Structures are given as C-alpha cells and as structure tokens.
Amino acid sequence: MTSFDHHRRPLVIGIGGTTRAASSTERALGFALRGAQEAGANTRLFGGTFLHSLPHYAPEQAHRTDEQLELIEAVRHADALVIATPGYHGGVSGLVKNALDTLEELRADERPYLDGRAVGCIVTAYGWQAAGSVLTSLRSIVHALRGWPTPFGAGINTLETRFDTVDTCSDAKVVDQLATVGQQAAQFALAFNAHGTAAAAPPAGNALKETQPARLLHAV
Ligand SMILES: Cc1cc2nc3c(=O)[nH]c(=O)nc-3n(C[C@H](O)[C@H](O)[C@H](O)COP(=O)(O)O)c2cc1C
C-alpha cells in the first residue's frame with residue numbers, strides 16, 4: 001500500500017486474548033474495537049483462538065502457515081492496531097508475544113513492522129502491579145516495532161472488573177477507558193493519513209533507511 005484513500009474508513013486490527021473461551025482480555029479488546037468503530041474505523045479482531053493456531057515463530061524457517069500469512073497481511077494493510085494481553089508472570093503472555101514476533105516478517109516492508117501506525121495497548125491482570133508494569137512492557141514492544149503507542153493505555157484489574165459476556169462489563173469507567181483506547185487509535189489513523197504521511201513512501205533522503213538494512217530498523 002503506497003497511498004491512502006481518504007474516502008475509505010481506516011482499518012484498525014485488534015490482536016489479543018487468551019485461550020480461555022471467556023477471556024476477559026479478548027472481551028476488553030472487543031470494547032476497544034467498538035470505540036474505534038464509533039470513531040469511524042473498520043475493525044478486525046484476531047482473538048485467542050486464532051492466536052493459538054499460530055505456530056511458534058521460527059525466523060530460520062522459510063515456510064509460513066496460512067494463519068501466519070493471514071495475520072501478516074492484515075497488519076501490513078492496517079492503519080492502526082489495538083493489542084491486548086493478560087499479565088502472565090509479570091510480562092506479556094507468550095500467546096500474544098508470539099503473534100508480535102511473527103510480525104518480524106514485515107521487516108523489509110516499505111513501512112517496516114508497525115511503522116506509522118498508532119497502537120492502543122490494553123493489559124488485564126489479577127492486580128494493579130502487573131497491570132501497570134505489563135502495560136509499560138507492551139508499550140516498549142510497540143516502540144521496538146516502530147509503532148506509536150496511543151496516549152491512553154488501559155490497565156484492567158480483573159479481580160475488580162468482570163466481563164461476564166462479550167458485551168457486558170461490570171465497570172462503566174472501564175468501558176469508557178477501553179473505548180478511549182480504540183478511539184485514539186482510529187483518530188490517529190485518520191489524522192496521520194489526512195496528511196499523507198502514514199502510508200506514503202519515505203522521503204528520498206531517509207538516512208536511516210539508506211544506511212541500515214531493514215533488519216536493523218528496530219527502534220530499540
Ligand atoms: C500463567 C498465568 C500467569 C499469570 N500471572 C499473573 C501475574 O504475574 N500477575 C497478575 O496480576 N496476574 C497474573 N495472572 C492472572 C491473569 O493476568 C488474569 O487472570 C487475566 O485477566 C487473565 O485474562 P483472561 O481472562 O483473558 O484469560 C496470571 C494468569 C496465568 C494463567
């Protein structure tokens with residue numbers, strides 16, 4: 001994709017959840033994507049079941065599964081993302097991290113990794129400590145992938161907040177916070193693309209791209 005059609009709605013991709021059918025993380029992500037829709041975006045969710053179908057990312061292997069290619073293509077064409085992970089032992093879950101590792105396949109793209117894309121970040125955890133620390137960790141990963149974490153990120157303490165169904169949440173404030181994450185991701189895509197910067201080819205004098213191979217384009 002080399003130019004942005006200003007008449008189409010931006011596409012916001014959601015990645016997140018756990019293997020549990022009643023995953024609060026995936027349900028929280030759904031609330032955020034509805035916020036993105038209200039802000040004018042189309043959305044697509046890659047939830048826990050899909051993420052569980054991805055093999056461990058192995059950079060030395062040439063073959064990619066259909067599911068890996070589906071995720072890679074979707075992110076390649078995304079205008080913004082929202083990523084939601086549970087805090088597992090003080091970090092991002094392996095399931096979500098494996099999906100993000102798979103995005104290594106975007107290293108040689110015109111827009112490498114998540115370059116030029118806003119990324120909303122959501123963490124669920126059984127307590128405030130992991131909610132905060134894992135949110136910081138997830139944002140660092142987004143920076144490494146050259147994405148732009150949204151100003152507001154949501155940390156949810158699932159000891160206090162319940163998601164009993166896909167569209168119910170016990171705390172109206174959390175619903176607002178999740179909608180804000182999705183709205184900010186969509187609004188950034190609309191604003192960034194309005195100026196033709198997100199999907200446009202990098203300027204000819206892009207020193208970083210000229211002097212470093214794509215493999216070295218990680219932000220950190
Ligand atoms: C393997 C594992 C490790 C976990 N580690 C932590 C942790 O370090 N800190 C914490 O607050 N919660 C921890 N939790 C709790 C989950 O983060 C929390 O229950 C989360 O909301 C689960 O998301 P889900 O409902 O989408 O499955 C852990 C849960 C599991 C299964």
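**Entry: S1 and S2**

I began with the pairing of strand S1 (residues 11-16) and strand S2 (residues 42-46), which run parallel and are joined by five bridges. Two strands pair if DSSP finds at least two bridges between them. Helices (H or I, at least four residues) and strands (E, at least two) are DSSP runs, numbered from the N terminus. I found glycine 14 opposite leucine 45 in S2. Five of the six residues of S1 are buried, so I noted S1 as mostly covered. Buried means that 20 or more other C-beta atoms lie within 10 Å of the residue's own; exposed means 12 or fewer, and partly exposed is in between, with C-beta atoms placed from the backbone.

I kept in mind that this is a predicted model: local features need pLDDT of at least 70, side-chain atom pairs count only at pLDDT 80 or more, and totals for chains, interfaces and linings use all residues. Residues are numbered from 1 along each chain as its sequence is written.

**Entry: the whole chain**

I listed seven helices and seven strands in the chain. Along the sequence, the pattern reads β-α-β-α-α-β-β-α-β-α-β-β-α-α. Of the 220 residues, 44% count as buried. I then looked at contacts (C-beta atoms, placed from the backbone, within 7 Å). Among contacts between residues at least 6 apart in sequence, 81% join residues at least 24 apart.

**Entry: helix H1**

H1 has 15 residues and reaches 21 Å from its first C-alpha to its last. That is close to the 21 Å expected at 1.5 Å a residue; the expected span is 1.5 Å times one less than the number of residues. Why do I call H1 largely enclosed by the rest of the structure? Twelve of its 15 residues are buried. Among them are Ser24, Thr25, Leu29, Ala32 and Ala36. After H1 comes glycine 40, with a positive phi near 110°.

**Entry: around the ligand**

Which residues come nearest to the ligand? Of the 16 around it, they are Ser23, Ser24, Thr25, Ala125 and Ala130. A residue is near if its C-beta atom, placed from the backbone, lies within 6 Å. Helix H1 (24-38), strand S3 (80-88) and strand S5 (118-125) each give two or more residues to this shell. S3 gives the largest share, three residues. By class, I noted five nonpolar, ten polar and one charged residues. Here Ala, Val, Leu, Ile, Met, Phe, Trp, Tyr, Cys and Pro count as nonpolar, Asp, Glu, Lys and Arg as charged, and the others, Gly among them, as polar.

**Entry: the core**

The largest nonpolar core has 57 residues. Such a core is a set of buried Ala, Val, Leu, Ile, Met, Phe, Trp, Tyr and Cys residues joined through C-beta atoms within 7 Å. Val12, Ala32, Leu81, Val82, Ile122, Leu178 and Ala185 touch the most other members. Helix H6 (residues 172-194) gives the largest share, ten residues. I followed up valine 82: beyond its neighbours within four places in sequence, its contacts include Val12, Gly14, Ala32, Ile122 and Ala185.

Aspartate 164 sits in the loop between strand S7 (154-157) and H6. It is exposed, with 11 other C-beta atoms within 10 Å. Aspartate 164 and serine 24 are 140 residues apart in sequence, yet 8.2 Å apart in space, C-alpha to C-alpha.

Histidine 89 lies in the loop between S3 and strand S4 (91-92). Its phi is positive, near 50°. Is histidine 89 buried or exposed? It is exposed, with 8 other C-beta atoms within 10 Å.

Tyrosine 113 is in the loop between helix H4 (94-102) and S5. Its phi is also positive, near 50°. Tyrosine 113 counts as buried, because it has 23 C-beta neighbours inside 10 Å.

Technical notes
Contact = placed C-beta atoms within 7 Å.
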